Amino acid sequence: MTNKKEENRLIAERRNKLDAIRENRDAYPNDFRRDALAGQLHQTFDSYDDCALKKEDIKVAVAGRMMVKRVMGKASFIKLQDRSGQIQIRVERDSLKEGLYQKFRKWDVGDIIGTRGVLFRTQTGELTVKADEIFLLTKSLRPLPEKWHGLSDQELRYRQRYVDLIINDSCREVFHKRSKIVTYIRSFLDAADFLEVETPMLQTNPGGANARPFRSHHNALDMELFLRVAPELNLKRLIVGGFDRVYEINRNFRNEGVSTQHNPEFTMMEAYRAYADYTDWMDMTETMFHGIAESVCGAAIISYLDHSFDFSKKFNRMTIEEAIEKYNLDFDISKIRDVEYLNKYCHEIGLQVEKSYGAGKLQMEIFDATCESKLLEPTFVTHYPTEVSPLSRKNDNDPFVVDRFELFIAGREIANGFSELNDPEDQANRFRAQVENAEAGDDEAMSYDHDYIRALEYGMPPTAGIGIGIDRLVMLMTNSSSIRDVLLFPHMRPENYK
């Protein structure tokens, strides 16, 4: 980008031009209406030769940002960019009102322009609009950067996303694809007779996930409120109420660290299905992901960083304990639930653990540290310890674990699902255990939700639920290495933060 001194000089020049415009007319008119987009014109008329275009005499009105300007005496060429792409415009002095061409020559790259004219094809074969009228609609006071790429500009790209979107085709494509992914998920669930609902973001009792919440205060009621960490408990209240299939594509807020995989504000899709168990959701998730790859990305095989994944294949499945055995060759699997041995093993591999941890929590510490990053191929990891799954239904044959899965792809958790706990007494006991954990210093433990227990006491049918991280899914489907690449406005410190 130009240095600061040069940038200030260019801005001053443009402000002078704006002042001159203000002396004669409204500097920001709003009376031009376009009737065509660049992409639509290319799609419809790229197959026409110049003779066919002249025969049709196709008149169009286009508008967009001037990205390129080549002035050549009595005629000039510019490129206008709108939301669909770019179209070339030929501007001739003798085709415009007297004096307009000289004004046009003073317009700058970055200005927003409207033009009316006819389509033709240049000698080089490019589809072009020959301008009969041209209008300056918005004066750009800041020059566009000459280059907008590379690690040195990464923070600036996130901070000034509006410029990133103007300059980078790849950036715009990511967010077009993100929208299509969300649309596909919504249509997939709608077709399966799920009802889309909305639940509160402000909650009196943060629940549904083990996470530290953001706290707020309601002045009129003089009460503490929390930004939701998950919509789970409210969605399951709706299952109790008779909505057998519900989902929400929602914003969640967790007061945790920022990384390439974490943003304090993020998007989840959570869905709940009565008369189903966690295996039903594993099957349904495979089908959904295959559909996203084929429909949105155009192929079942998706490339991500240094890997390729075939979403037409069945996903791998293994239990937590099988994963620990597979990826820790020195682990004594016969002692997989021995607290003393697990404590010792954690210390041997450099993990700091609390004395209060049971076998299940210790297993998860080992799994997180030694297994998760190695799960490259799409893999459902199942049978999580009951100790770390306060909302999941215990396995009928082994109460140490619950009927739960997490889906890992490229070493990252993408989805979490389980058969829901619908026994109110068991759920009450699990909530009490969470309260004890909180009192012992666990700031991510859940609180006791009395109303949710009351809802379960009315009776919730056998139910299975799933949460899919939309941001991480978009990262995967767009080959983006950081969550900031798939968020239009990622969380960042203020520019002058000290």
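I took helices (H or I, at least four residues) and strands (E, at least two) as DSSP runs, numbered from the N terminus; on that basis I listed 15 helices and 18 strands for the protein. I kept in mind that this is a predicted model, in which local features need pLDDT of at least 70 and side-chain atom pairs count only at pLDDT 80 or more, while totals for chains, interfaces and linings use all residues. Residues are numbered from 1 along each chain as its sequence is written, and side-chain values use heavy atoms, with hydrogens and water left out.

Overall extent. I looked up the box filled by the C-alpha atoms and noted roughly 90 × 50 × 50 Å along the principal axes. Of the 498 residues, 50% count as buried, where buried means under 20% relative accessible area, exposed over 50% and partly exposed in between, with a 1.4 Å probe and protein chains only. For contacts, meaning heavy atoms within 4.5 Å, I noted that residues 24 or more positions apart account for 65% of those with a separation of 6 or more.

Cores. I searched for nonpolar cores, that is, sets of buried Ala, Val, Leu, Ile, Met, Phe, Trp, Tyr and Cys residues joined through side-chain atoms within 4.5 Å. The largest has 48 residues, and Leu189, Met269, Phe289 and Phe311 have the most contacts inside it. Helix H9 (residues 278-297) gives the most to this core, with 9 residues. A second, separate core of 30 residues includes Ala27, Val60, Val62 and Trp107. Returning to Met269, and leaving aside its neighbours within four places in sequence, I found it in contact with residues including Ile185, Leu189, Tyr247 and Ile468.

Helix H7. Among the buried residues of H7 I noted Arg172, Phe175, Ile185 and Leu189. H7 is followed by Asp193, whose phi is positive, near 70°.

Sheet. Counting two strands as paired if DSSP finds at least two bridges between them, I traced an open sheet of 8 strands in the order S6-S10-S11-S18-S17-S16-S15-S14, with mixed pairing. Its edge strands, each pairing on one side only, are S6 (195-196) and S14 (316-319). S6 pairs with strand S10 (residues 245-253) in the parallel sense over 2 bridges, and the bridge partner of Leu195 in S10 is Val246.
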